[in-house]
Amino acid sequence: MTLRAVVRGVGHYLPERVVPNSEFETLVDTSDEWIRSRSGIERRHFAAEGEMTSDLACKAAEAALANAGMTVDQIDAIVVATSTPDLTFPSVATMVQARLGMVKGFAFDVQAVCAGFVFALSNANALIVSGQAKRALVIGAETFSRLMDWTDRSTCVLFGDGAGALVLEAVEGKGDASDRGILATDLNSDGRFRDLLYVDGGTSTGTTGHLRMEGKEVFRHAVEKLAETAHASLDKLGLTGEDVDWIVPHQANIRIIESTAKRMKVPMERVVVTVQDHGNTSAASIPLAMSVGRARGQIKEGDLLVAEAIGGGLAWGSVVLRW
Ligand code: UT7
């Protein structure tokens with residue numbers, strides 16, 4: 001028998017304020033047409049003044065717990081993927097822990113930018129299969145609107161705020177790819193590419209800073225590396241794109257999503273796409289897409305999913321799981 005981390009619940013939260021592309025037309029030299037055609041984004045949500053990453057994370061966690069039919073006292077670990085913590089420390093995860101009323105177990109953040117949720121899932125899986133946690137809340141939560149340079153049209157139109165969460169539970173499986181739960185992961189990073197996507201603030205400046213991106217270069221890496229990592233995870237199971245029911249990609253750009261699906265020989269009908277409604281929500285994008293995909297009736301119990309993401313670092317990776 002093999003311990004598997006099985007998804008028991010999923011949920012998400014999006015801030016109330018919806019910002020259509022047209023709002024940017026008065027801010028910078030851009031157009032709805034450019035944003036749609038170059039990225040696939042039509043609108044995104046922005047957090048209200050005073051609404052923090054931990055607030056979004058808590059609401060997503062509560063939705064996931066309700067969906068799982070569980071209460072917080074059944075959870076023994078919280079892992080939050082974020083690059084936009086309320087404070088440098090303590091972690092968003094411990095803030096969520098306190099707010100949910102969880103007084104045991106442990107909580108910590110993972111920071112791998114847009115690949116954060118894949119890294120967090122892989123970490124939570126390791127905790128579960130090694131017996132260090134029985135049930136874990138894994139959350140991706142971001143307020144990237146707080147990192148935008150509103151004079152930089154090449155970045156400010158791309159990002160949004162939101163949060164998504166999964167409840168994972170340790171379940172005995174047979175040890176083959178027919179098991180439910182996380183079946184394989186593949187994590188990568190290459191710090192030589194730090195200048196392609198970064199925030200120019202932190203302890204070195206004493207400011208929060210703004211997001212800076214060489215979009216074209218990141219795009220080039222994404223197109224190559226996302227299919228590669230998805231194949232690496234599937235290879236570990238002797239599976240191919242043909243076995244995949246749903247790709248749940250990081251939602252940065254529809255052209256990257258389409259190109260990765262094509263390289264994996266998976267038709268777009270089997271890809272969960274939310275980029276038009278959420279923009280790029282960094283570490284929140286995959287759990288948000290899982291939650292929306294489930295609510296739309298796309299993802300069903302027993303379906304084989306591949307989640308893949310790339311972001312600042314560069315850091316990239318994938319997770320194969322059976323829902
Ligand atoms: O989540 C982390 C990973 N991040 C990503 O995956 C993002 C990857 N990159 C991308 O998605 C795309 O590269 C972008 C959407 C950022 C840009 O699309 P692109 O097709 O690579 O455009 P570009 O950067 O080559 O820019 C084309 C033109 C430029 O003008 P010139 O130099 O050709 O005259 C830009 O100045 O479009 C211009 N441009 C804009 N025009 C109108 C850049 N931003 C805008 C804008 N509105 N917002």
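1. Helices and strands are taken here as DSSP runs, numbered from the N terminus. On that basis L314 is placed in the loop between strand 12 and strand 13 (315–322), and the peptide bond that leads from G313 to L314 is cis, with omega near -10 degrees. The model is a predicted one, which a reader may wish to keep in mind for each of the points below.

2. A cis peptide bond also joins F89 and P90, where omega is about 5 degrees; P90 belongs to the loop between strand 4 (77–81) and helix 3. As background to this point and the next, most peptide bonds are trans, and most residues other than glycine have a negative phi.

3. Positive phi values deserve a look at several loop positions. V113, in the loop between strand 5 (106–110) and helix 4 (116–129), has a phi near 50 degrees, and it counts as buried because its relative accessible area is 18%, the cut-off being under 20%. S282, which sits in the loop between helix 8 and helix 9 (285–295), likewise has a phi near 50 degrees and is buried, at 1% relative accessibility.

4. Helix 7 is capped at its N-terminal end by N253, a side-chain oxygen of which lies 2.7 Å from the backbone nitrogen of R255, while the residue K265, with a positive phi near 60 degrees, follows the helix. The buried residues of helix 7 are I254, I256, I257, S259, T260 and A261, and what covers them includes helix 1 (32–39), helix 6 (215–235), strand 11 (246–249), helix 8 and strand 12 (304–311).

5. R270 occupies the loop between helix 7 (254–263) and helix 8 (275–278) and is partly exposed, with a relative accessible area of 24%. Apart from neighbours within four places in sequence, R270 is in contact with G241, E242, V244, D245, W246 and I247. The C-alpha atom of R270 is separated by 33 Å from that of V72, a residue 198 positions away along the chain.

6. The axes of helix 2 (residues 53–68) and helix 3 (residues 92–100) come within 9 Å of each other and cross at roughly 55 degrees, which makes helix 2 oblique to helix 3; the crossing is right-handed. On the side of helix 2 the contact is made by T53, S54, D55, A57, C58, A61, E62 and L65, and on the side of helix 3 by V92, M95, V96, R99 and L100. By class, the residues of this contact divide into eight nonpolar, two polar and three charged.

Technical notes. Residues are numbered from 1 along each chain as its sequence is written. This is a predicted model: local features need pLDDT of at least 70, side-chain atom pairs count only at pLDDT 80 or more; totals for chains, interfaces and linings use all residues. Side-chain values use heavy atoms; hydrogens and water are left out. Helices (H or I, at least four residues) and strands (E, at least two) are DSSP runs, numbered from the N terminus. Buried means under 20% relative accessible area, exposed over 50%, partly exposed in between (1.4 Å probe, protein chains only). Contact means heavy atoms within 4.5 Å. Axes are lines fitted to C-alpha atoms, for helices over the stretch in contact, and angles run from 0 to 180 degrees between N-to-C directions. Angles under 35 degrees count as roughly parallel, over 145 as roughly antiparallel, 65 to 115 as roughly perpendicular and the rest as oblique. A crossing is left-handed if the near helix is turned anticlockwise from the far one by less than a right angle, and right-handed if clockwise. Ala, Val, Leu, Ile, Met, Phe, Trp, Tyr, Cys and Pro count as nonpolar, Asp, Glu, Lys and Arg as charged, and the others, Gly among them, as polar. A polar contact is a pair of N or O atoms within 3.5 Å; within protein, one must be able to donate a hydrogen and the other to accept it, and residues adjacent in sequence count only if both atoms are side-chain atoms.
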